[in-house]
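Subject: The structure, and some notes on it

Hi there,

Here is the structure I promised to send over. Please open it alongside this email, and my notes will follow below.

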Amino acid sequence: CPVVLAPKNSSVAMPPPADIVKVAIECPGAIPKLMEIDQKKPLSSIIKEVCDGWSLANHDQFALQHADNSNFYITEKNRNEIKNGAILRLTTSPAQNAQQLHERIQSSSMDAKLEALKDLAKYSRDVTFAQEFINLDGIFLLTQMVESGTERYQKLQKIMKPCFGDMLSFTLTAFVELMDHGIVSWDTFSVPFIKKIASYVNKFASDISILQRSLAILESMVLNSHDLYQKVAQEITIGQLIPHLQGTDQEIQTYTIAVINALFLKAPDDKRQEMANILAQKQLRSIILTHVIRAQRAINNEMAHQLYVLQVLTFNLLEDRMMTKMDPQDQAQRDIIFELRRIAFDAESEPNNSSGSMEKRKSMYTRDYKKLGFINHVNPAMDFTQTPPGMLALDNMLYFAKHHQDAYIRIVLENSSREDKHECPFGRSSIELTKMLCEILKVGELPSETCNDFHPMFFTHDRSFEEFFCICIQLLNKTWKEMRATSEDFNKARKRVMQVVKEQIMRALTTKPSSLDQFKSKLQNLSYTEILKIRQSERMNQEDFQSRPILELKEKIQPEILELIKQQRLNRLVEGTCFRKLNSRRRQDKFWYCRLSPNHKVLHYGDLEESPQGEVPHDSLQDKLPVADIKAVVTGKDCPHMKEKGALKQNKEVLELAFSILYDSSGQLNFIAPDKHEYCVWTDGLNALLGKDMLSDLTRNDLDTLLSMEIKLRLLDLENIQIPDAPPPIPKEPSNYDFVYDCN
């Protein structure tokens, strides 16, 4: 155990120099030593000094590493992270360790090989070791072991199956960790290796660790290489993946959906719709609904994210139709419009069975197209030349007409027979609604790296978007009538009605209805009258009195409220937050925690194996950063980790959640907040610590709310009394002052 440093006999304790760090250093088989490290000295000189203290030769074969669970090597790049009181270990250098493990994993002894692979899986998390091992063609050696491993130990599998399973598991774990550093390109792997990894998805389905790592490797291959996508897509089918969704292990289900998402995301445009058809045939949606969404267990954040990604990618299949203009000369497309007319006005007759002259039929069609609510009565195809929503609007209208025929006919006939100019034009409304639904569901946008906002109801139907439209078009018609909108000035009416309809839809979606029927039920309770009540209530709660006395009162109260908000932010920082370390595969075991000390002097932070259930004690976090050392807090594009190359740089959602603490000359602590609320809390709290203004949207909202509440509380006795805009006039002086008492 490390030795505690006793204080020197001195009358005045002088603070140590900034470049001197006091640490304890362990060495296997020796008594730990206390040592002062001068950060200005080269690391090689410090290691030599340590080796000399234990009379060890060949100091160039040794290195220092952290003695915690990470075992990460100390290098010139990360040595600034060493803090006072840290416990270090003298060990073999990364190059020496890599060489030894490279030889050990090729041992003929099964037990020795197993232990070596176990150590390799642990050390591969360190980028310094990983670089050295990769320099020895370590990745190539592991892939060779995977490719030939099954055949080499085929005879031993029956009697040594557990040992073989562990060996393969550690081999794949080491491979995943080594590749995670981004040193080696994914494009270098052979077809036999891909075939072998793909075979493990079926062959070792009962071995959770092998299956998990195999799925992780396949996902990374697809996401990181176009060529590998082609090869993986040939080896893995949806049919092979579906059984893993029907199990009970949520982590395996998560990795399985992640592979499906990766294949979906990287599929060429001409293959994406084909893959969507395969997914529908294999009933993937119903299996996910039954075994994942409606399973008797909570959905964790990673699973929620993968379901969100699948939802986004599924809706993105609509982008092609959304951005396709209608060709007025295309007879097949014009037949769709004719079908809408036929279903609405003469469902019993055949399309080509109309009698009378051509002119008479054209006149009749023009009249009917006007009743259907198109802008261009002569050639309605012109209404679908705007993108978005393009042909998607026509697709929705046809689906509604065919699958909800009674509701369709009722809406069309009800509005076409009105003579009070309050009719809701079905055609124009459908086009506007489709465009709005695409905006709400962000059709065509790439999925966010951090969002978990999936909607269970969209997994309950094979044509969920069309059904969503059918519910919403009926809502729009109902709201139009309730608002008594008029078609005389459609643009003004459309704007007002669409605002209300969007609010109705958004409020219903926030309740996360489990089915489309439940969504429809939620909308029934959100009539236009109810929306007005909600708006009025919210407006009253956020009422902003503009009279001068109230403004003066606000100005007087505001500093107290800001101080209250500041204390709340700092209290939240003291509680701390768990942050996810994002990478290309969003692995679940990458977490770290940061919290402020109760005296607001130090930030404590450190890595975690899993997301904590409650607060993490500050004394269990390995690293510290004095608040006094913080130079600046930067956000968004100014963050160092957002300037680096990578997929995250391109992601708007991640960019909006990124912030960094800059300290010393080049030190930095990089964050990606779990959500917008935590982002505001942390940036506000850090700015408050630095004596700067809190400028987040959350602070503005909290300030408005608390000011409004405080003013209302102070004005309770003035109920029903009108507050004047100007103070009352000063009365005239009295004729005498006899009423003044002599206090003497």
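A word on the ground rules. This is a predicted model, in which local features need pLDDT of at least 70 and side-chain atom pairs count only at pLDDT 80 or more, while totals for chains, interfaces and linings use all residues. Residues are numbered from 1 along each chain as its sequence is written, and side-chain values use heavy atoms, with hydrogens and water left out.

The whole chain

The chain has 29 helices and eleven strands; these are DSSP runs numbered from the N terminus, with helices being H or I of at least four residues and strands E of at least two. Of its 744 residues, 46% are buried. Here buried means under 20% relative accessible area, exposed means over 50%, and partly exposed is in between (1.4 Å probe, protein chains only). Among contacts (heavy atoms within 4.5 Å) with a separation of 6 or more, 67% are between residues 24 or more positions apart.

The cores

In soluble globular proteins, nonpolar side chains tend to be buried together. A nonpolar core here is a set of buried Ala, Val, Leu, Ile, Met, Phe, Trp, Tyr and Cys residues joined through side-chain atoms within 4.5 Å. The largest one has 84 residues, and Leu142 and Ile288 touch the most other members. Helix 6 (residues 157-179) gives the largest share of this core, nine residues. Domain 2 (95-182) and domain 3 (185-298) both contribute residues, so the core lies between them; the domain bounds come from an automatic or database domain assignment. Leaving out residues up to four places away in sequence, Ile288 touches Leu245, Ile257, Ile293, Leu307, Leu310 and Phe459. There is also a second, separate core of 70 residues, which includes Ile336, Ile343, Leu372 and Phe465.

Helix 4 (residues 127-135) has Phe129, Ala130, Phe133 and Ile134 buried. Seen down the axis of helix 4, these buried residues fall within an arc of 130°, so they line one face; the arc is that of the directions from the helix axis to the C-beta atoms. Asp126 caps the N-terminal end of helix 4, with a side-chain oxygen 3.2 Å from the backbone nitrogen of Thr128. Just after helix 4, Asp137 takes a positive phi of about 60°.

In helix 2 (residues 94-104), the buried residues are Pro94, Asn97, Ala98, Leu101 and His102. They fall within an arc of 135° seen down the axis, so they line one face of helix 2.

Single residues

Lys325 sits in the loop between helix 15 (319-322) and helix 16 (331-345). Its relative accessibility is 52%, so Lys325 counts as exposed. Not counting residues up to four places away in sequence, Lys325 touches Phe384, Thr385, Thr387 and Met391.

Asp368, in helix 17 (residues 358-371), is buried at 2% relative accessible area. Leaving aside neighbours within four places in sequence, Asp368 is in contact with Arg341 and Phe345.

Asp395 belongs to helix 18 (residues 391-403) and is partly exposed, at 23%. The C-alpha atoms of Asp395 and Arg321, 74 residues apart along the chain, are separated by 8.5 Å.

Best wishes

Methods. A polar contact is a pair of N or O atoms within 3.5 Å; within protein, one must be able to donate a hydrogen and the other to accept it, and residues adjacent in sequence count only if both atoms are side-chain atoms.
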